[in-house]
Amino acid sequence: MSSHHIVREKQEPALYIHNLGNFDEEYLGQILEWSPTLIVNSAIYEKVLSLGLKVDVILNATGELAPQENTKSIMGPGDEYNTVLNYLISEKYSAVNIIDEQKALSDLAFYLPKINIVLFSATEKSYAVNTGFSVWKPAGSLFLIDVVSYFEATNLMQKDEREFEVVKDGFVEFTFATEYVFLTEKI
């Protein structure tokens with residue numbers, strides 16, 4: 001029995017690779033499974049090519065790079081994240097996955113009303129949620145939450161300053177008065 005999936009352009013989150021670091025190649029393959037638009041920082045373009053990936057957009061390409069056929073180049077002054085996120089928003093993308101070892105999701109909060117962002121490092125996945133967000137998790141699952149404002153959560157117990165553990169198999173629901181809460185999970 002075969003399964004056929006029709007994926008419309010821009011339906012899946014784009015993927016911006018700022019820095020791969022020690023990111024697991026198998027997990028990268030899972031993120032790339034639905035063939036998202038792939039944007040890479042020019043500094044890691046050769047590394048991404050060596051993985052056999054088709055790059056759609058290069059950020060701040062220099063004359064030294066030999067882009068693949070049909071690869072677009074975007075340039076921007078200042079912060080590379082501003083250039084990529086403004087490009088994606090202008091192209092009507094609703095979401096982006098970002099791989100980087102250094103960036104904090106709170107640094108990108110300005111863009112959250114315009115585009116959903118999931119930030120991956122080699123060991124963690126961070127995302128912003130609105131009040132009322134709920135997700136099913138098995139008992140023992142951990143969330144790292146920077147507590148910057150009061151929030152309530154069902155089925156969650158605080159273990160230390162930032163670490164919260166799911167008490168029993170089931171839904172965890174978050175309620176708060178601020179615009180977002182930033183959740184981080186181990187991957």
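Visitor: Rings of Phe, Tyr and Trp (its six-membered ring) pair if their centres lie within 6.5 Å, and planes under 30 degrees apart count as stacked, over 60 as edge-to-face and the rest as tilted. Which residues form one aromatic cluster here?

Guide: The cluster is made up of Y127, F133, F143, F151, F164 and F174. Please note that this is a predicted model, in which local features need pLDDT of at least 70 and side-chain atom pairs count only at pLDDT 80 or more, while totals for chains, interfaces and linings use all residues. Residues are numbered from 1 along each chain as its sequence is written, and side-chain values use heavy atoms, with hydrogens and water left out.

Visitor: How many aromatic pairs does the structure hold?

Guide: There are 10 aromatic pairs in the structure. In one of them, F23 and Y27, the ring centres are 5.9 Å apart and the planes stand at 55 degrees, so this pair is tilted.

Visitor: And F23, is that buried or exposed?

Guide: F23 is buried, at a relative accessible area of 8%. Buried means under 20% relative accessible area, exposed over 50%, and partly exposed in between (1.4 Å probe, protein chains only).

Visitor: What about Y27, then?

Guide: Y27 has a relative accessible area of 24% and is therefore partly exposed.

Visitor: Changing topic: which way do the residues of strand 1 point?

Guide: Strand 1 covers residues 14-17; A14 and Y16 point one way, L15 and I17 point the other way, and all are buried. Strands (E, at least two residues) and helices (H or I, at least four) are DSSP runs, numbered from the N terminus.

Visitor: Which strands pair with strand 1?

Guide: Strand 5 (residues 95-99) pairs with strand 1 in the parallel sense over four bridges. Strand 2 (residues 38-41) also pairs with strand 1 in the parallel sense, over three bridges. Two strands pair if DSSP finds at least two bridges between them.

Visitor: What do strand 1, helix 1 and strand 2 make?

Guide: Together with helix 1 (residues 25-31), strand 1 and strand 2 make a right-handed β-α-β unit. Right-handed means that, with the strands pointing away from the viewer, the path from the first strand over the helix to the second runs clockwise.
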